[in-house]
Amino acid sequence: AATAAVAAPSLLAQSATWPSKPIRIVVPYPPGGSSDIIARSISTLLGDSLKQSVIVENKAGANGNLGTDFVAKSPADGHTFLLTPAALIANAAFGVSVPYDIDKDLVPVVGFVDLPMLLAASNNAPFKSVAELLAWSKQPGRTVNYASAGIGSLTHLWGEYVKARTGMPMEHVGYKGSAEALRDVVAGHVPLFADVLVPTATAIKAGQLRGLAVAMTARSELLPDVPTVGEAGLPGMEGTVPFGISVPGGTPASVVIRLNTAFNEALSDSSIRRRLIELGFVPVGGAPQAYSAMLASEIVKWRKVIKDSNIPPPS
């Protein structure tokens, strides 16, 4: 109690002067990817709002765990925060052992953006729409091979979710990342692709793939000619890869609130929203509690898919 009494004034003073030095957004993936792009798209505006430099720092490795662990173990002073990867959800859903405790070592700040999932087909696939896919898959002895970014990825789990909901005889083909999977689907080695909008939409727009359905309630501005899952005959199968912002556990609540406000202000900027939408992302925002509730809900959802489909954890 005595320690807490001494620490409390220190935390109050710290939050009152925050930010007192440049802020780091840690992206747990390599430069140039979708997560890196969205962090850099907002860093300048965020810096203007906080009156401090905002630096994007890439700490890739261990499927996002290296950068996540770095932030989890960083000082809880609000000057280092994490572009929270979707791998955090998948790891928790699988019960994978990680070097941090997501409930104690990380504090949710705000939902940043969602990256919608989609179904795409190779140009030589024997189906050109979801309706044709469903009909084709019902023929005796047929199996629909589908590619994803890898075993245990959210796109893999979504593919299994679609399989369970439709009863299609789908067989997963896991790759080491979306780029590798995309090459094989474009080449016609695998007929179906469960992926995210970025960067697969580029291949669809270039005519290298056929878009079958986007897992959104409204059509994507990036692919306006591709139907939603509801329009395509897969109602209730919406799915996204969510990105959020988290800070180390113990960060003063006042700092969390100010950071949340700064992100919401940046996300409400018309130019930023337009830029994110053009890139294929869906801006989110909202209160810290909303982001926390979303994380909990997603973990429960995918944990059920894993159990029902008997999916082994990623190695």
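# Questions on a predicted model

Biologist: Between which two elements is the loop where P19 is found?
Modeller: Keep in mind that this model is predicted. One of its elements is a helix spanning residues 2-17, and another spans residues 23-27. P19 sits in the loop that joins them, between α1 and β1.

Biologist: Which residue does a cis peptide bond join to P19, and what is omega?
Modeller: Most peptide bonds are trans. The bond into P19 is cis, and it comes from W18. Its omega is about -5°.

Biologist: Where is P199 found, and what is omega of the peptide bond from V198 to P199?
Modeller: P199 is found in helix α8, residues 197-205. The bond from V198 to P199 is cis. Its omega is near 5°.

Biologist: What is phi of K51, and is K51 buried or exposed?
Modeller: Most residues other than glycine have a negative phi. K51 is not glycine, yet its phi is positive, near 55°. K51 lies in the loop between α2 (34-50) and β2 (54-58). Its relative accessibility is 69%, and the cut-off is over 50%, so K51 counts as exposed.

Biologist: Where is N310, and what is its phi?
Modeller: N310 is in the segment after α12. N310 has a relative accessible area of 66%, so it is exposed. Its phi is positive in a residue other than glycine, near 55°.

Biologist: Is T228 buried or exposed, and which residues does T228 touch beyond four places in sequence?
Modeller: T228 lies in the loop between β8 (209-214) and α9 (229-232). Its relative accessible area is 4%, so T228 is buried. Beyond four places in sequence, T228 touches A213, V214, M216, T217, A218 and R219.

Biologist: How far apart in space are L115 and P140, C-alpha to C-alpha?
Modeller: L115 lies in strand β4, residues 106-122. In sequence, L115 and P140 are 25 residues apart. In space, C-alpha to C-alpha, the distance is 35 Å.

Biologist: Is L115 buried or exposed?
Modeller: Leaving aside neighbours within four places in sequence, L115 is in contact with residues including S34, V196, T240 and F281. Its relative accessibility is 2%, and the cut-off is under 20%, so L115 counts as buried.

Biologist: At what angle do the axes of α6 and α12 cross, and what is that arrangement called?
Modeller: Helix α6 covers residues 154-166, and helix α12 covers residues 288-309. Their axes come within 10 Å and cross at roughly 60°. That angle is why α6 counts as oblique to α12.

Biologist: Which residues of α6 and α12 meet, and how do they divide by type?
Modeller: From α6 come L154, L157, W158, E160 and Y161. From α12 come W302, V305, I306 and S309. They divide into seven nonpolar, one polar and one charged.

Biologist: Which residues touch the most other members of the largest nonpolar core?
Modeller: This core holds 92 residues. Its largest share, 10 residues, comes from β4. The residues touching the most other members are W158 and W302.

Biologist: Which residues does W158 touch beyond four places in sequence?
Modeller: W158 is in α6. Leaving out residues up to four places away, W158 touches M117, L118, L119, A194, A215, V229, M237, E238, G239 and W302.

Biologist: How many residues make up the second, separate core?
Modeller: Its members include V71, A72, L88 and Y100. The count for this second core is seven residues.

Conventions: Residues are numbered from 1 along each chain as its sequence is written. This is a predicted model: local features need pLDDT of at least 70, side-chain atom pairs count only at pLDDT 80 or more; totals for chains, interfaces and linings use all residues. Side-chain values use heavy atoms; hydrogens and water are left out. Helices (H or I, at least four residues) and strands (E, at least two) are DSSP runs, numbered from the N terminus. Buried means under 20% relative accessible area, exposed over 50%, partly exposed in between (1.4 Å probe, protein chains only). Contact means heavy atoms within 4.5 Å. Axes are lines fitted to C-alpha atoms, for helices over the stretch in contact, and angles run from 0 to 180 degrees between N-to-C directions. Angles under 35 degrees count as roughly parallel, over 145 as roughly antiparallel, 65 to 115 as roughly perpendicular and the rest as oblique. Ala, Val, Leu, Ile, Met, Phe, Trp, Tyr, Cys and Pro count as nonpolar, Asp, Glu, Lys and Arg as charged, and the others, Gly among them, as polar. A nonpolar core is a set of buried Ala, Val, Leu, Ile, Met, Phe, Trp, Tyr and Cys residues joined through side-chain atoms within 4.5 Å.
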